[in-house]
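The sequence and the structure are shown first.

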Amino acid sequence: MPSQAAKGVSRRDFNKLAAGAAAVGPFFLFSERSSAGEKILKIAKWSHFVPQFDAWFESMATEWGHKHDTKITVDRIPVEKIGALATAEVKAGKGHDVFMFPWSPAEYYQHAIDHSEIYQQVASKYGSIPQLAHRSTLNLKNKTYFAFADFWSPSPLQFRQDYWEKVNMPYGPGHYGSLYAGGKHLREEFGIPCGLAFTPTLEGNITLHTLLYAFRAWILDGSGEVLFNKNVFALGALQYLQKLYRDTGTADQLSWGPTGNVQAMLAGKTSCTTNAISLLRGAEKQDPTAASKIWLQPPLLGTNGVGVTALPHVTNCSVVWKFAQNQDGAKQFVADLIDSSRTGYASSLGVNFPIYPKTVPDLIVRLTKDPQADPVFKYTLLKDALHWTPNLGVPGFATPAFMEVFNSFLIPKMVQSVLKGKSTPENAAAAAAAEIQRIADKWRQIQ
């Protein structure tokens, strides 16, 4: 049975997306002509926030292809186009052999092989499957794995220390109350707004899902039952966001495209945001002086008994499609990715944290003595990132229902309706809860 995610994509759409994927490139071949008996492996991967990582990945794939007598193609896909291309491939029943998502591809579980054997192969070297991977790639119904996760990216708070020092918070806001109080002071006295992402983008999705979780406005529970708006927490979160935007924000927050929050921070236009550290790495390259003024801290302390928590900015999940033409090669390539984790971490400038800690055993040393950081210990606080980073779908797993809520940008759209004055927090929360219920009921029938 085709998944709901696969509906509504015509062959024309698929061909257009496939052509676009090749165009955004680079479309990468290490060999112009296949030798007799040479196999082909086609890989689609989301375009990384650190471009040099993609260059490293292609080089690594080249080397792997030479060792396995396989011609490799790698297509870089902009993050915002990943879902559309994956849906088009599923609809057509053809495409890439390996498809790499920046989040859990739970909606596509019916079209993916069972990746259990890949996890088992990796376990012989690096141990049993870590919790973040387990809860991001397990299908709860049949206890199979629809993807393989190899790295993730934490999403700390990044703030301009020189700005926050102006309001007597030199170490930044520690919780959502001080984010509002300090942010209000900064905008009123110095004209510097807060810079959280509120748009239907990856950054907005992660920021707002993190905030809802921090306010205990959870989407689904561990058994897939809808929790949202069944208590006062959802309404409280929306009322807080309404007040935060009104008193600390900027109109630009409602129109930013992908990485809009990053660009605003790099330009010194905002005081703080949550994001992967690719933001700070970009500052270190673009303007080292400005970078020295951007500090990190753990996520903001939650309310109602929720501690310091932030959802991962990225959870890299590789899928081998059931319709892959080189399924054996795809499985081997995905399993071998783990062996390159150490080099991948370095090539990503530390953005890619390893799912398997043993693959980068000196991670804490690297964080405490970073050669590009000013000061060199700036990234030290990330040593505890795994402790404050749960999986998408928390307090449950990354289920198809949760990921449809995530990928449809339901939460950012709900928030925007409130911030633009189109809906009250009460009505927006009720409408979102109804849509979440519809999605949960649909997937319950499918599964």
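## Loop residues and backbone geometry

K143 is exposed, its relative accessible area being 54%. The model in which this residue is described is a predicted one. K143 sits in the loop between β5 (138-139) and β6 (144-145), and its phi is near 60°, a positive value in a residue other than glycine. N168 also has a positive phi, of about 65°, although it is not a glycine. The loop that holds N168 runs between α6 (161-165) and α7 (176-190). With a relative accessibility of 70%, N168 counts as exposed.

Two cis peptide bonds can be described next. One joins D374 and P375, with omega about 5°; P375 belongs to the loop between α15 and α16. The other runs from V394 to P395, with omega near 10°, and P395 likewise is found in the loop between α15 and α16.

T399 is a further residue of the loop between α15 (363-368) and α16. T399 is buried, because its relative accessible area of 18% falls under the 20% limit. Apart from neighbours within four places in sequence, T399 is in contact with A106, L140 and L220. I364, in helix α15, is partly exposed, with a relative accessible area of 46%.

## Helix contacts

| Helix pair | Axes come within | Crossing angle |
|---|---|---|
| α16 (residues 400-407) and α18 (residues 425-446) | 9 Å | roughly 140° |
| α8 (residues 202-214) and α17 (residues 410-419) | 9 Å | roughly 80° |

How are α16 and α18 oriented to each other? The axes of α16 and α18 cross at roughly 140°, and the two helices are therefore oblique to each other. The crossing in which α16 passes α18 is right-handed. On the α16 side the contact is made by P400, A401, E404 and V405, and on the α18 side by I436, R438, I439, A440, K442 and W443. These residues divide into seven nonpolar, no polar and three charged.

For the second pair, the axes cross at roughly 80°, which makes α8 roughly perpendicular to α17. G204, N205, L208, H209 and L212 of α8 meet I411, P412, M414 and V415 of α17 in this contact. By class, the contact of α8 with α17 has six nonpolar, three polar and no charged residues.

## Core and buried helices

The largest nonpolar core has 145 residues, of which L179, F228 and W321 touch the most other members. Helix α18 supplies the largest share of this core, nine residues. Leaving aside neighbours within four places in sequence, F228 is in contact with L212, A217, W218, I219, A234, M414, A429, A432, A433 and I436.

Helix α13 (residues 327-337) is mostly covered, with eight of its 11 residues buried. Its buried residues are G329, A330, K331, F333, V334, A335, D336 and L337. In helix α11 (residues 278-286), the buried residues are S278, L279, L280, R281, A283 and E284. The buried residues of α11 pack against β8 (157-160), α10 (260-266), β9 (272-274), α12 (288-291) and β10 (294-297).

Definitions and conventions:
Residues numbered from 1 in each chain as written. Predicted model: local features only at pLDDT ≥ 70, side-chain atom pairs only at ≥ 80, totals over all residues. Heavy atoms only, no water. Axes fitted to C-alpha atoms, helices over the stretch in contact; angles between N-to-C directions. Helix = DSSP H or I, 4+ residues; strand = E, 2+ residues; numbered from the N terminus. Parallel < 35°, antiparallel > 145°, perpendicular 65-115°, else oblique. Left-handed = near helix turned anticlockwise from the far one by under 90°. Contact = heavy atoms within 4.5 Å. Nonpolar A, V, L, I, M, F, W, Y, C, P; charged D, E, K, R; others polar. Core = buried A, V, L, I, M, F, W, Y, C linked by side-chain atoms within 4.5 Å. Buried < 20%, exposed > 50% of the residue type's maximum accessible area, 1.4 Å probe, protein only.
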